[in-house]
Number of protein chains: 2
Amino acid sequence: MTLILDLDNGYFCRKVLDSRSRFKAVATRRCHKPHDHGGTCNEFPFLDGFRSPYPKVAEKIERDSIMTTGAAWKSEEAGPNRILRWVMLLNDEELKKYEIDMTKLKPQVVAKLREKAADYDSCVRVAMWLAYLAYQMRDAPLPPEDIRRYLQDTFGQMTSGFTTCAVCLLPLSFNLFGEARRGKASIETCHKDPRLHSPANVGFAHRECNIAQGPKSVEEFYDWIIGIIRRARPEILR
Amino acid sequence: MTLILDLDNGYFCRKVLDSRSRFKAVATRRCHKPHDHGGTCNEFPFLDGFRSPYPKVAEKIERDSIMTTGAAWKSEEAGPNRILRWVMLLNDEELKKYEIDMTKLKPQVVAKLREKAADYDSCVRVAMWLAYLAYQMRDAPLPPEDIRRYLQDTFGQMTSGFTTCAVCLLPLSFNLFGEARRGKASIETCHKDPRLHSPANVGFAHRECNIAQGPKSVEEFYDWIIGIIRRARPEILR
């Protein structure tokens, strides 16, 4: 059973936010403070506890939740390197209005971009979930009281050390957000099934684990490595 | 027990080849035809069976045997993207004579280049071994008779289908040399221990396997994935 969090369940404000984005007609971006909040609306209030002193963690969660990853570079052939996931729900004809010509991209780039398409509400749910996971990492800062309550109201009791790598299942330390090897962050957002952008399917993973998983789902990855062990070290399997 | 093939064992010609390389003072390149050959000397005669109609296989074996892999790009910071492995045996001072300034490169780039250093004879042995493995892949062309004899004299009886991926241990098809996904070849040269360039340590691997192995040795990779299975699917282990 998969429970999908209904963002219109009365808990969240959901007031429409002003937008100057050229994509504003594609999706209506909304406030996700509690419905009875006073003051300014805020799309991702649950990230505010990270914005200082961990602005990169807040930026990473927001970016990975709402943007596709494309090629590391941007070019005519490789396509845009980051684009809003819900924009990738538009068909080729509609995308042309935004000067995105999918027919100019290599088929594998198109496939990769389309695979990462997700509607706006799914992206918001993923952002909330990643914030919830980040606070439950070893060595994580304690959330401000209002954010703790907000995330627990949404996803349930939080426990320090609960968050493990989605691939290798070892506990993840919040300190990994600050580490980088060979210029690459040590922690990545991971999709257990690369084609699904939902809280149940998204987590954090060590960079090396995410690389080893490759385009496989985590379950396919486990099946694959069991096959390898069956040949390389058969004596340890039942 | 590791047997190291002695290239001066009398089987090979070993006549010094003319060279116009700027690195010719670093290593003496030699002929590896049988000692009693008539005609022109040849450094890699065992690759000639591939040169037509599989020139890319011959080029790949030669390149991976004698050149380092560096960054995919060449720059002041990333260093040369391919350089002769034996040149990387020179110290920083000697390298400056060749306008290679290791102090300008990032430490991780230096480490990666130095890790790939190997003497000339080791590189030739690896090239021979890779040719021997390639001919024993599923769907491989049959070697010309003189090359079959040459490789069998050197490494022993050849068997079609003998060559497996050095990581996942599944049989490799020669056809994978011609395949590419997302612009990347499907088969890669693989070092079971990334720091050793010798026949016993070098083989071919699926690209996905080589990527999953990462900077680990194959044995470390097996230990690592056993740990993952122990957490993800404990019931299948003894």
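Reader: Which residue just after H6(B) takes a positive phi?

Author: This is a predicted model, and in chain B helix H6 covers residues 145-155. Just after H6(B) comes a residue with a phi of about 105°, namely Gly156(B).

Reader: Which residues of helix H6 of chain B are buried?

Author: Buried here means a relative accessible area under 20%. Within residues 145-155 of chain B, the residues that count as buried are Ile147(B), Tyr150(B), Leu151(B), Gln152(B) and Thr154(B).

Reader: What covers the buried residues of H6(B)?

Author: The buried residues in question include Tyr150(B) and Leu151(B). Their cover includes two other helices of chain B, H1 (48-51) and H5 (120-135).

Reader: Which members of the largest nonpolar core touch the most other members?

Author: The largest nonpolar core has 146 residues, and the members that touch the most others come from chain A and chain B. One of them, Phe50(B), touches residues that include Pro55(B), Ile61(B), Tyr135(B) and Phe174(B), with residues up to four places away in sequence not counted. The members asked for are Phe50(A), Phe204(A), Phe50(B) and Phe204(B).

Reader: What relation superposes chain A on chain B?

Author: Two copies of a chain are related by a rotation about an axis and a shift along it. For chain A and chain B the rotation is 180°, the shift along its axis is 0.0 Å, and the RMSD is 0.0 Å. These values therefore give the relation of a two-fold axis. The same surface serves both copies, and the share of contact residues of chain A that recur in chain B is 100%.

Reader: How many disulfides are there over all chains, and how far from Cys165(B) is the nearest cysteine sulfur?

Author: A disulfide requires two cysteine sulfur atoms within 2.5 Å, and the count over all chains is 0. For Cys123(B), which is in no disulfide, the nearest cysteine sulfur belongs to Cys190(B) and lies 17 Å away. Cys165(B) is likewise in no disulfide, and the nearest cysteine sulfur, that of Cys168(B), is at 3.8 Å.

Reader: Is Cys123(B) buried or exposed?

Author: The cut-off for a buried residue is under 20% relative accessible area. Cys123(B) has a relative accessibility of 0%, and so this cysteine is buried.

Reader: Which residues is His37(A) in contact with, leaving aside its neighbours within four places in sequence?

Author: His37(A) lies in the segment before helix H1 (48-51) of chain A. Its C-alpha atom is separated by 35 Å from that of Tyr98(A), which is 61 residues apart along the chain. With neighbours within four places in sequence left aside, the contacts of His37(A) are Cys13(A) and Cys31(A).

Notes: Residues numbered from 1 in each chain as written. Chains lettered and ligands numbered in written order. Predicted model: local features only at pLDDT ≥ 70, side-chain atom pairs only at ≥ 80, totals over all residues. Heavy atoms only, no water. Core = buried A, V, L, I, M, F, W, Y, C linked by side-chain atoms within 4.5 Å. Buried < 20%, exposed > 50% of the residue type's maximum accessible area, 1.4 Å probe, protein only. Contact = heavy atoms within 4.5 Å. Least-squares fit on C-alpha atoms with pLDDT ≥ 70 in both. Helix = DSSP H or I, 4+ residues; strand = E, 2+ residues; numbered from the N terminus.
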